[in-house]
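Here is a briefing on a single model, grouped by topic. Keep the sequence and the 3D view open while reading.

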Amino acid sequence: MRTSEAQWIGQALARIEGPLLNLGSSTGAFRTQAKPHIDQHVFAPLRARNIQIIHADMKDAPGVDIVGDVLDPAFQRHLTTLGVRSLLVSNLLEHVSDPQAVAQACRLILPHGGTVCVTGPYDYPYHADPIDTMYRPTPQEFAELFEGELVRGDIIDGGALRDDVSSLPRYLAQSVWRIANWPRRPLAARARASALPYLLRPYRISCALIRVHADPERIAGRSQITV
């Protein structure tokens, strides 16, 4: 998550209702140490408002509150019991093979009128974690994916690769070596070749705040529980 992206998310979540589920949260160390701007701009303001935050990820690590796969029906059922009103889905959908299935799962988790804040690359290099499908939607396409109403949508400047490179000559030399050794490490070579143009042009990030309608399966499930 880029700094400008974290700032956008913080502003978008300024009036959301909790609890908030942070799907694909990564670890506490990642949010507070490796990328401290994430906690500073996104989660610290929510804590100041006493919004409950639930961090969920597939990896069991410090700072992850709930461990599971959102596409696992049993895990989905558990998440629906948490009373979640809002979801943060940041830089996740380009790393899954079926974004539509993830969006459908999110609709099952949320109540009618719940909020999804979703961000991801729009103009951005290939970056496998562990895959990158090159899914690069607009904010409106995010809204269509989640079958909801686009409350706010922006494509923002995410800075440039040159902002992250401490030594340009070293970076370029390393890039030449990686690309020349493509057969040995094809994913690393592809990532570096894809990144090089962003020394000259900025990353662009797609950001959307979406109001969703309850999935019919969730409504049916609620009816069964009530009866």
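Two strands pair if DSSP finds at least two bridges between them. Helices (H or I, at least four residues) and strands (E, at least two) are DSSP runs, numbered from the N terminus. The model is predicted: local features need pLDDT of at least 70, side-chain atom pairs count only at pLDDT 80 or more, and totals for chains, interfaces and linings use all residues. Residues are numbered from 1 along each chain as its sequence is written, and side-chain values use heavy atoms, with hydrogens and water left out.

**The sheet**

- Seven strands form an open sheet with mixed pairing, in the order S3-S2-S1-S4-S5-S7-S6.
- Strand S3 (66–67) and strand S6 (148–157) stand at the edges with a single partner strand each, so one side of each lacks a neighbour in the sheet.
- Strand S1 (residues 20–23) pairs with strand S2 (residues 53–57) in the parallel sense, over four bridges.
- S1 also pairs with strand S4 (residues 86–90) in the parallel sense, again over four bridges.
- Leu21 has Ile54 as its bridge partner in S2 and Leu87 as its bridge partner in S4.
- Asn22 has Leu88 as its bridge partner in S4.

- Buried means under 20% relative accessible area, exposed over 50%, and partly exposed in between (1.4 Å probe, protein chains only).
- In a regular strand the side chains alternate between the two faces of the sheet.
- S1 is covered on both faces: Leu20 and Asn22 are buried on one side, Leu21 and Leu23 on the other.

**Helices**

- Contact means heavy atoms within 4.5 Å.
- Axes are lines fitted to C-alpha atoms, for helices over the stretch in contact, and angles run from 0 to 180 degrees between N-to-C directions.
- Helix H1 (residues 3–12) lies across S4, strand S5 (115–123), S6 and strand S7 (204–212), and runs at about 150° to S6.
- Helix H5 (residues 99–109) is largely enclosed by the rest of the structure, because eight of its 11 residues are buried.
- The buried residues of H5 are Pro99, Val102, Ala103, Ala105, Cys106, Arg107, Leu108 and Ile109.
- Helix H4 (residues 73–80) and H5 have axes that come within 8 Å and cross at roughly 35°.
- Gln76, Leu79 and Thr80 of H4 meet Ala105, Leu108 and Ile109 of H5.
- That contact has four nonpolar, two polar and no charged residues.
- Here Ala, Val, Leu, Ile, Met, Phe, Trp, Tyr, Cys and Pro count as nonpolar, Asp, Glu, Lys and Arg as charged, and the others, Gly among them, as polar.

**Val64**

- Val64 sits in the loop between S2 and S3.
- Val64 is buried, with a relative accessible area of 12%.
- Val64 and Thr27 are 37 residues apart in sequence, but 5.9 Å apart in space, C-alpha to C-alpha.
- Beyond its neighbours within four places in sequence, Val64 is in contact with Ser25, Ser26, Thr27, His55, Ala56, Asp57 and Lys59.
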